[in-house]
Amino acid sequence: MFRRSWRHVATAAAALLAATTIAACSDDPSEGQDLSDNRVGAMADYAVGSQFKATEPLSFSVLYNNHPNYPLKNDWLFWSELKSRTNVTLEPVAVPLSDYEQKRSLLIGAGDAPFIIPKTYPNQEDAYVSSGAILPVSDYLDLMPNLKDKISRWKLEPEIDQHRQADGKFYLLPGVHEKPWHDYSLAVRTDILEELGLAVPKTWDELYTVLKAMKAKYPNTFPFSDRWSKPNPAGNLLNLLAFSYGLQGAGWNFQHTSWNADTKKFDYTGATDKYKEMLQYLNKLVSEGLLDPESFTQTDDQARQKLANSKSFVISANAQAVVNDYRPDLAKTNPKAKITKIPLPIGPAGEINPADRLENGVMISSKARGSKNFVAMMQFIDWLWYSDAGQEFAKWGVEGTTFVRDASGKPELAPDVNVIGLNPNAPKHLQKDFGFYNGVFAYGGKPELVQAFFAEEEQQFQAVMNARPAREVPPPAPLDDEEREQASLWETPLRDHVYQATLQFALGQRDFAQWDAYLAELKGKNMDAYLEMVNKAYDRYQKENG
């Protein structure tokens with residue numbers, strides 16, 4: 001529940017800082033990093049599996065994203081138990097969720113940021129690199145044995161490398177997952193499938209067949225009427241299709257560039273044949289009355305109302321939308337209706353799991369480097385965010401109080417503790433009353449930890465998705481400061497034109513015979529110069545780090 005939705009993840013530079021499987025730059029803190037005066041409170045023998053405990057009481061400031069669903073409380077068990085286990089007191093600088101990113105930027109810009117800056121999404125760190133306000137954390141990985149171990153054992157080097165800057169270093173300690181966690185897909189009325197004698201569609205072509213059958217039976221409907229069309233048209237649907245067609249992302253996760261493994265160059269995503277084929281598929285659905293044209297512009301409430309009133313049978317979904325939106329909506333209008341989130345349909349790119357294995361993580365203020373407790377702080381961060389014990393603590397809490405273990409040793413909620421409706425009648429809440437399963441501290445880990453609070457049907461969905469290979473991660477093309485500034489001037493008009501044309505082609509307002517004219521329009525908005533700059537950055541990185 002703490003992963004960021006696709007529409008928030010991508011910034012304009014995301015595609016330009018893509019991942020690689022080539023060897024990473026040296027991340028050796030011994031290179032010019034004299035830490036002899038910064039070890040007060042640090043453990044001399046801290047290692048994988050160690051319980052970190054500072055050798056003297058320490059306190060560290062932390063920027064705290066104050067979530068309205070579980071507002072900060074100073075008497076949470078999380079704080080006192082953390083101090084008991086680690087000898088560390090965290091001093092939260094609380095900022096409302098709605099104002100977090102702006103306040104973080106102001107604090108960093110003024111030089112007043114806390115030492116520890118969590119809840120930072122990949123590529124958000126880019127804005128602070130050139131000023132020197134945040135630490136190149138890759139220089140200090142030897143202080144973080146649990147993170148290093150997970151990067152090595154889980155083979156996360158390609159994903160980690162995607163966040164290296166032009167200097168070869170990275171500045172964000174990301175949340176790390178052993179397996180991809182993909183949530184977004186489509187939800188389908190399975191009672192209608194049963195009525196028509198149809199199986200759950202496994203491919204986009206099979207979805208077309210299912211929609212045709214639904215339309216034949218219910219001619220006054222648009223079988224597929226979608227939501228999440230803001231701020232970008234058909235945000236989720238286009239993104240899912242882009243992955244399925246072998247592109248880096250579209251819709252609310254629009255990526256300007258996609259890697260072409262044949263030419264060893266980056267192509268402009270919105271100008272590729274794959275993007276055209278994707279739009280032709282959408283146009284076919286729209287022209288045959290299978291996809292509601294309003295899917296590209298309507299509000300979420302309008303889409304939900306159509307589903308609830310059986311004016312449609314298919315809609316974009318994640319796990320929470322099915323449980324919290326669609327089933328309650330249908331229960332009011334059609335109690336016999338059944339709806340399920342289906343595995344991501346397979347497209348021309350074959351079976352893939354498109355999810356990243358990295359998520360929001362932690363920046364470190366450069367001021368922390370001068371602290372006498374710097375090494376201890378890095379050990380503490382490594383334990384809390386990256387050790388198995390720390391991750392279990394942040395999520396589950398304290399054994400015997402917030403959770404118990406079954407006969408096999410598997411944790412489960414204590415009977416008097418609830419979270420996300422697992423013990424709905426319990427008098428206490430894991431987040432609100434104890435401070436655990438907090439989005440500032442609890443993310444990443446092994447699948448059994450990540451999926452611990454998932455319903456059985458969601459675990460089945462994840463089992464299907466995790467059986468699929470991860471999508472190939474493209475090589476890095478990190479821009480320097482001057483290039484990034486130039487890119488920001490070109491990206492907005494390019495992206496806006498792609499959005500406009502996407503809508504026109506999909507809805508049939510523009511004939512595909514005009515595709516070449518559309519490409520010429522993109523060239524007129526500096527597409528070629530943009531690609532030349534990106535591919536030059538790729539070549540430069542290969543030369544310096546290959």
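Modeller: Let's start with a term: contact means heavy atoms within 4.5 Å. Keep in mind that this is a predicted model. With that meaning of contact, what covers the buried residues of H5 includes helix H6 (157-161), strand S4 (173-176), helix H13 (374-386) and helix H14 (388-396).

Biologist: Which residues of H5 are buried?

Modeller: Helix H5 spans residues 145-153, and its buried residues are Pro145, Asn146, Leu147, Lys150 and Ile151. Just after H5 comes lysine 155, with a positive phi of about 55 degrees.

Biologist: On to the rings. What makes tryptophan 259 and tyrosine 538 an aromatic pair, and why is the pair called tilted?

Modeller: The search of the whole structure finds 34 aromatic pairs. In this one, the centres of tryptophan 259 and tyrosine 538 are 4.9 Å apart, with 55 degrees between the planes. Ring centres have to lie within 6.5 Å, so 4.9 Å makes them a pair. Planes under 30 degrees apart would be stacked and over 60 edge-to-face, so 55 degrees leaves tilted.

Biologist: Which residues do ring pairs link into a cluster?

Modeller: Tyr64, Trp76, Phe78, Trp79, Trp383, Trp385, Phe393, Phe436 and Phe441.

Biologist: Now the charges. Why do lysine 341 and aspartate 183 count as a salt bridge?

Modeller: Their side chains meet at 2.8 Å, N to O. The cut-off is within 4 Å, so the pair qualifies. Lysine 341 lies in strand S9 (residues 339-342) and aspartate 183 in the loop between S4 and strand S5 (185-189), so the bridge ties together parts that are 158 residues apart in sequence. Lysine 341, at 8%, is buried, and aspartate 183, at 15%, is buried too.

Biologist: What about glutamate 288 and lysine 212: how far apart are they, N to O?

Modeller: They meet at 3.2 Å, which is within 4 Å, so this is a salt bridge. Glutamate 288 sits in the loop between helix H10 (273-287) and helix H11 (300-308), and lysine 212 in helix H8 (residues 204-217), so parts 76 residues apart in sequence are tied together.

Biologist: Why is glutamate 288 called partly exposed?

Modeller: Its relative accessible area is 29%; buried is under 20% and exposed over 50%, so 29% falls in between. Lysine 212, at 40%, is partly exposed too.

Biologist: Which residues do salt bridges with shared partners join into one network?

Modeller: Arg227, Asp300, Arg304, Asp325 and Asp329. The structure holds 30 salt bridges.

How values were computed: Residues are numbered from 1 along each chain as its sequence is written. This is a predicted model: local features need pLDDT of at least 70, side-chain atom pairs count only at pLDDT 80 or more; totals for chains, interfaces and linings use all residues. Side-chain values use heavy atoms; hydrogens and water are left out. Rings of Phe, Tyr and Trp (its six-membered ring) pair if their centres lie within 6.5 Å; planes under 30 degrees apart count as stacked, over 60 as edge-to-face and the rest as tilted. Buried means under 20% relative accessible area, exposed over 50%, partly exposed in between (1.4 Å probe, protein chains only). Helices (H or I, at least four residues) and strands (E, at least two) are DSSP runs, numbered from the N terminus.
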